[in-house]
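Student: I've just opened this one and I'm new to it. Can you walk me through it?

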Amino acid sequence: MAGKLASVIYDEKARRMAEEMVTAEAHHIAQRRPEECDCKDGMFPLLPASRRRFLFAAGSAAGFASSTAALAQKAPPGAVYYDAPADSTKELGRAVTAEGGYGSRSQFESEVRVRFPTPNEYTSWSFTPLDKMVGNLTASGLHFERHHGGTPTIDPANHFLYVHGMVDTAKKFSMADIKRFPAVTRKHFIECSGNGLTEWNKPTLKTVQGTHGLLSTSEWTGVQFATIAREVGLKEGSSWVLAEGADAAVMTRSIPMEKMLKDALVVYGQNGEGIRPEQGYPLRLLLPGYEGNTHIKWLRRLEVSDKPFMTREETSKYTDLLANGKARQFSMEMEAKSVITFPSGEMKLPGPGFYNISGLAWSGRGRIQSVDVSVDGGQTWAPAQFNVTPEPVCTVRFSYPWIWDGKPALLQSRCTDETGYIQPTRKQLIAIRGSHGPFGSIYHLNAIQTWAIDETGSVSNVHA
Amino acid sequence: MFTHKRPLYAAGLWLAVAVGSPAQSQDHYGFGTPIGQQDLVKFFAIPGDGTGLPAGSGTATAGAKLFADNCAACHGDKGQGDPAKGVGGDRLLGGRGTLASDTPMKTVESYWPYATTLFDYVKRAMPFNAPGSLSDNDVYSVVAYILSEAKIIKPTDTMNASTLPKVTMPNRDGFIPDSRPELELYH
């Protein structure tokens, strides 16, 4: 498409939410605990001095007299506060299982998910802090969230999976039943189709948590749908499966049978333990590579049919309105995408020298085949290294050793998946899908991300 | 119909088969409890043809009061929506003819392709703070009211399992299958 590039239209609701997210992100950045070394962890320097050590300023005098509540206030979410002795080799540490047999993260690790400021906090989403993540898996407590009616509390003893419709023998399965089936364990990412929706028009959010944080990777354990399908017997002509959750939204999506029999899992395990309540405890659907909302959480029902059910989510919500007024429906797959997480927005490089550029690449259509990195805004590319062995429909942590000369630079990553699909630019996507908005084609933004580094080492989100 | 296509790795199963127990192949485990229609009565999902719509009926007249009492707090007294903090109710009405414009507006009236979806969703998840609390007659009435305010049906039309699937929504033909991967990216 020649000529000027049209901008994406956001309706008033979307625009207001994006503006509020900018405010929320700024607040979150201001809350970060300052760190003082010139190492990788010290690259969030844009903090007001008055906030330094705010978490721990009152900690040392508290001693053992403090109440549990007061201690809880001093520790970040998911951590327990302890006084740090001047020399940890000169006194005993805590007793084995002193925490009751389930550990917590260090009180010095304070990263949290940040909620997108939708007007209603029960139908909302939160972002994984990708800028602080190491390795390839997401800590279960930092897995991004998207709920349409809050997180329900479900006693697994009272939870059943009903499987019925076009089957020979309709059945209900208790959690105990489901766990008796042979299980598989696979690593997969889940990405919300709305990941990056603020970034179509102009660089809006400052950090990679805001721009890409609706992406998380876990090791999932559960039963193949195919196993359950044989148990009930699929009738001739069955071609869709409705999945339904047991939350207040009673969330439903129709899934093609082809996908269900290819690689769908009914999972109860995440990273070695039961899946987190926010991730669907005690049971969720896992559809490798499909947009996040289809991985129905709190899964209670699978109805086999010969047609899709045209639920609210697959007609009015997760469809992609194009410039001609038509909307793509059942746009399920998350296409190949990558992002540099270090260095990324709001970090500051302390000076010229060696930096290990690092990021994540993923594709809903299979393995990542290669990742290239550019430090000149896409004029030249060089291959990145894989830090893990690529697995199907799983993130790959990549890195690229780089010596910064202190001059302005534009960092980008671009991945290719095993189908040969190359991650596109934002301009390419807008040229194809048009500039039409409100929550229309603002889903499925998988474009190349650019981080600008200026002469001072400050890193910012830009469009290049 | 179930065959022993795979080796039986589990010693216990092998023993069971070896001593002549009833066939227990690895294709079929016998887990789960068979269920009948009575176990499924609380479930529903209504596709475009209206399969599974319950008995009962409703009209816009009855729906007007129900809407005012149960829906307007979030969706506005005219279905105009309310983006206020703590609310966030979607706009339901208006927007016809805007989908191909520079300011598209997606509402039940302008965008939703099936009236059955409206019934399914209201019965399923509305009102937001008391999901599933409306009777089937109430849901038919609220649906009739919204469709009537949208000028999709007449104010006097009765909505029930027979009439609702026949309602033609303005954007019924507005959807196309996913066309990705986009061929333009392979130029």
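Tutor: One definition to start with. A residue is buried if 20 or more other C-beta atoms lie within 10 Å of its own, and exposed if 12 or fewer do. Also keep in mind that this is a predicted model.

Student: Okay. Is B:K151 buried or exposed?

Tutor: B:K151 is exposed, because 12 other C-beta atoms lie within 10 Å.

Student: Where is B:K151?

Tutor: In chain B, B:K151 sits in the loop between α5 and β3. Its phi is near 60 degrees, a positive value in a residue other than glycine.

Student: What other residue has a positive phi without being glycine?

Tutor: A:V393, with phi near 55 degrees. This one lies in a loop of chain A, between β20 (385-386) and β21 (396-404).

Student: Buried or exposed, that A:V393?

Tutor: A:V393 is buried, because 25 other C-beta atoms are within 10 Å.

Student: Back to α5(B). How many residues does α5(B) have?

Tutor: α5(B) has 14 residues. From first C-alpha to last, α5(B) reaches 20 Å, close to the 20 Å expected at 1.5 Å a residue.

Student: How many residues of α5(B) are buried?

Tutor: 11 of the 14, so α5(B) is mostly covered. Among the buried ones are B:V139, B:V143, B:I146 and B:E149.

Student: What do the buried residues of α5(B) pack against?

Tutor: Four elements of chain B: β2 (57-59), α2 (60-70), α4 (115-125) and β3 (158-160).

Student: Zoom in on B:V143. Which residues does B:V143 touch, leaving aside neighbours within four places in sequence?

Tutor: B:V143 is in contact with B:G58, B:A115, B:L118, B:F119, B:V122 and B:M159.

Student: Now the cores. Which residues touch the most other members of the largest nonpolar core?

Tutor: A:L161, A:V266 and B:V143 do, in a core of 87 residues. Helix α5 (residues 136-149) of chain B gives the largest share of this core, eight residues.

Student: And the second core, how many residues has that?

Tutor: The second core is separate and has 45 residues. A:L215, A:V339, A:V393 and A:C415 are included.

Student: New topic. How many residues of chain A are in contact with chain B?

Tutor: 57 residues of chain A are in contact with 48 residues of chain B. By class, the chain A side has 21 nonpolar, 18 polar and 18 charged residues.

Student: Which strand of chain A pairs with β4 of chain B?

Tutor: Strand β15 (residues 327-329) of chain A pairs with β4 (residues 175-177) of chain B. The sense is parallel, over three bridges. There, A:A327 stands opposite B:F175.

Student: What is the strand order in the open sheet of six strands?

Tutor: The order is β9(A)-β8(A)-β13(A)-β4(A)-β5(A)-β1(B), with mixed pairing.

Student: Which strands stand at the edges?

Tutor: β9 (252-256) of chain A and β1 (33-34) of chain B. Each has a single partner strand, so one side of each is left without a neighbour in the sheet.

Student: Do β8(A) and β9(A) pair in the parallel or antiparallel sense?

Tutor: Antiparallel, over five bridges. A:V241 has A:I255 in β9(A) as its bridge partner.

Student: Where are the cis peptide bonds you'd point out?

Tutor: One joins A:Y281 and A:P282, with omega about 10 degrees. A:P282 is in the loop between β11 (273-274) and β12 (284-286) of chain A. Another runs from B:M126 to B:P127, with omega near -10 degrees. B:P127 lies in the loop between α4 and α5 of chain B.

Student: Last one: how many helices and strands in chain A?

Tutor: Chain A has eight helices and 24 strands. Of its 464 residues, 49% count as buried. The domain assignment gives chain A domain 1 (56-109) and domain 2 (146-328). Their centres, taken over C-alpha atoms, are 38 Å apart.

Notes
Residues are numbered from 1 along each chain as its sequence is written. Chains are lettered from A and ligands numbered from 1 in the order in which they are written. This is a predicted model: local features need pLDDT of at least 70, side-chain atom pairs count only at pLDDT 80 or more; totals for chains, interfaces and linings use all residues. Two residues are in contact if their C-beta atoms, placed from the backbone, lie within 7 Å. Ala, Val, Leu, Ile, Met, Phe, Trp, Tyr, Cys and Pro count as nonpolar, Asp, Glu, Lys and Arg as charged, and the others, Gly among them, as polar. Two strands pair if DSSP finds at least two bridges between them. Helices (H or I, at least four residues) and strands (E, at least two) are DSSP runs, numbered from the N terminus. A nonpolar core is a set of buried Ala, Val, Leu, Ile, Met, Phe, Trp, Tyr and Cys residues joined through C-beta atoms within 7 Å. Domain bounds come from an automatic or database domain assignment. The expected span of a helix is 1.5 Å times one less than its number of residues.
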